[in-house]
Amino acid sequence: MPAAPIVVHRVSPSGGRRVTARGQILGLARSDRDVVEFLRRAGIEDARELLDDPRAVEWRGGRAHEYGAA
């Protein structure tokens with residue numbers, strides 16, 4: 001199975017998660033709202049519906065939708 005094109009990486013020690021799409025860094029998200037905005041700027045519409053789709057988004061190193069300091 002191919003990897004999801006969008007990756008929300010593990011929580012950083014200071015909080016927030018790096019977001020990448022097809023290997024390109026989109027930013028450091030501190031909420032789902034940030035992830036949706038990064039994806040919108042990257043041309044991905046309806047991103048909110050994708051957040052829980054494992055074919056589209058891979059949440060690495062922790063629980064999905066959590067952004068607090070590790």
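**Note on the predicted model: helix, sheet and core**

1. Apart from its neighbours within four places in sequence, A29 is in contact (heavy atoms within 4.5 Å) with G16, R17, V19, D34, V35, F38 and Y67. The model is predicted, so local features need pLDDT of at least 70 and side-chain atom pairs count only at pLDDT 80 or more, while totals for chains, interfaces and linings use all residues. Residues are numbered from 1 along each chain as its sequence is written, and side-chain values use heavy atoms, with hydrogens and water left out.

2. An open sheet of four strands runs in the order β3-β2-β1-β4, with mixed pairing; two strands pair if DSSP finds at least two bridges between them. Each of β3 and β4 has a single partner strand and stands at an edge, so one side of each lacks a neighbour in the sheet. Strands (E, at least two residues) and helices (H or I, at least four) are DSSP runs, numbered from the N terminus.

3. The pairing of β1 with β2 is antiparallel, over four bridges. Within it, V8 stands opposite V19 in β2. Helix α1 packs on the sheet, touching β1, β2, β3 and β4, and its direction makes about 150 degrees with that of β3. Such angles run from 0 to 180 degrees between N-to-C directions, with axes fitted to C-alpha atoms, for helices over the stretch in contact.

4. Which residues of α1 are buried? In this helix, residues 32-41, they are D32, V35, V36, F38 and L39. They lie on the same side of α1, because they cover an arc of only 160 degrees around the axis, taken from the directions from the helix axis to the C-beta atoms. On the other side, R33 and R41 are exposed. Buried means under 20% relative accessible area, exposed over 50%, and partly exposed in between (1.4 Å probe, protein chains only).

5. The largest nonpolar core has 16 residues. Such a core is a set of buried Ala, Val, Leu, Ile, Met, Phe, Trp, Tyr and Cys residues joined through side-chain atoms within 4.5 Å. Those with the most contacts inside it include V19, A29, V35 and L39. Its largest share, four residues, comes from α1.

6. T20 lies in strand β2 and counts as buried because its relative accessibility is 7%. Its side chain makes a polar contact with the side chain of H9 (3.0 Å). A polar contact is a pair of N or O atoms within 3.5 Å; within protein, one must be able to donate a hydrogen and the other to accept it, and residues adjacent in sequence count only if both atoms are side-chain atoms.
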